[in-house]
Amino acid sequence: MSPQDSPATPVPRHVPVWNIANILTMSRLVMVPLFVVFMFLEPPGWRLAALGVFVLAAVTDRIDGELARRRNLVTDFGKVADPIADKALTGAALVVLSLLGDLWWWVTIAILVREWGITLLRFAVIRYGVIPASRGGKLKTVLQIVAITAYLIPLPAWTPVPLLYVPHLLMGAALVVTVSTGVDYVVQALRLRRKARRDAES
């Protein structure tokens, strides 16, 4: 085969950091302080504005991931910034709801400890391997967003009593899945570490 007939060596495709997926991720980070400010403003109409910002930010989380995968726009920056933006959004919402007396502090603390604890755990065992995101983890994110959205919706005074418990039930489900998936990640990390040590000794 002549040099002219040999297949060309593929040139690695450079993905710019400032692509549409990462811009959406950064916009989500910018929305976090805006959401917090709206939550503390009066009159109650600002609560609707905060709700709109939160929902918009949650939608960008879905869109930027799809764009990154479909258009091959995955970058190291995006891998780090995306989960940080997610946790900043939900974490800020939980803390604000607790500060306003809408959500028990122990629920917020339990969720935040799990979220940031698992993030640190992943970094701690990354030398042994990567712990993939599970379906339970994705369900956890969806339930948290839905539960927070339910808390943010301003309910009129004539709302039937059973409907007042809907946000609490949704958050309860989110808390159960959050804690259970956290335990599962810890088990995976321990197994990954043990396997890496056995491979190193063999």
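Predicted model: local features only at pLDDT ≥ 70, side-chain atom pairs only at ≥ 80, totals over all residues.

Biologist: Is Leu 29 buried, partly exposed or exposed?

Modeller: For this we look at relative accessible area, where under 20% means buried and over 50% means exposed. Leu 29 has a relative accessibility of 26%, so this residue counts as partly exposed.

Biologist: Which residues does Leu 29 touch, leaving aside those up to four places away in sequence?

Modeller: Leu 29 touches Ala 85 and Ala 88. Now compare sequence with space: Leu 29 and Ala 88 are 59 residues apart along the chain, and their C-alpha atoms are separated by 7.2 Å.

Biologist: Let me try another one. Where is Phe 77, and how far in space is Phe 77 from Asn 22?

Modeller: Phe 77 belongs to helix 3. From Phe 77 to Asn 22 the C-alpha distance is 7.9 Å, while the two are 55 residues apart in sequence. Phe 77 is partly exposed, because its relative accessibility is 33%.

Biologist: And what about Gly 52?

Modeller: Gly 52 lies in helix 2. With 38% relative accessibility, Gly 52 is partly exposed too. Its C-alpha is 9.5 Å from that of Leu 152, a residue 100 positions away in sequence.

Biologist: Now I would like to understand charged pairs. What is the general idea?

Modeller: Side chains that carry opposite charges can pair when their charged atoms come close. For the search we use a cut-off: a side-chain nitrogen of Lys or Arg within 4 Å of a carboxyl oxygen of Asp or Glu.

Biologist: How many salt bridges does a search of the whole structure find?

Modeller: The search finds six. One of them joins the side chains of Arg 28 and Asp 86, with an N to O distance of 3.0 Å. This pair links distant parts of the chain: Arg 28 is in helix 1 (residues 20–39) and Asp 86 is in helix 3 (residues 76–99), 58 residues apart.

Biologist: Is Arg 28 buried or exposed?

Modeller: Arg 28 has a relative accessible area of 0%, so Arg 28 is buried.

Biologist: Which residue forms a salt bridge with Asp 102?

Modeller: That is Arg 47, and the closest N and O atoms of this pair are 3.0 Å apart. Asp 102 is partly exposed at 28% relative accessibility, while Arg 47 is buried at 18%.

Biologist: Which residues are linked in a network of salt bridges?

Modeller: The network is made up of Lys 87, Arg 114, Glu 115 and Lys 140. Within this group, the side chains of Glu 115 and Arg 114 meet at 3.6 Å, N to O. Both Glu 115 and Arg 114 are buried.

Biologist: Let's step back to the whole chain. How many helices and strands are there?

Modeller: The protein chain has seven helices and zero strands. Its radius of gyration is 21 Å, well over the 17 Å that the globule rule gives for 202 residues, so the chain is more spread out than a compact globule. Along the principal axes, the C-alpha atoms fill a box of roughly 80 × 45 × 25 Å.

Biologist: What share of the residues counts as buried?

Modeller: Of the 202 residues, 37% are buried. The accessible surface of the chain is about 12500 Å², and carbon and sulfur atoms hold 70% of that area.

Biologist: And how do the contacts and charges look across the chain?

Modeller: Take contacts with a separation of 6 or more: residues 24 or more positions apart account for 77% of them. As for charges, there are 21 positive and 13 negative ones, and their mean positions are 5 Å apart.

Conventions. Residues numbered from 1 in each chain as written. Heavy atoms only, no water. Helix = DSSP H or I, 4+ residues; strand = E, 2+ residues; numbered from the N terminus. Rg over C-alpha atoms; globule rule 2.2 N^0.38 Å. Buried < 20%, exposed > 50% of the residue type's maximum accessible area, 1.4 Å probe, protein only. Contact = heavy atoms within 4.5 Å. Areas by Shrake-Rupley, 256 points an atom, 1.4 Å probe, with all protein chains shown as cover. Lys, Arg positive; Asp, Glu negative; His and termini not counted. Charge placed at Lys NZ, Arg CZ, Asp CG, Glu CD.
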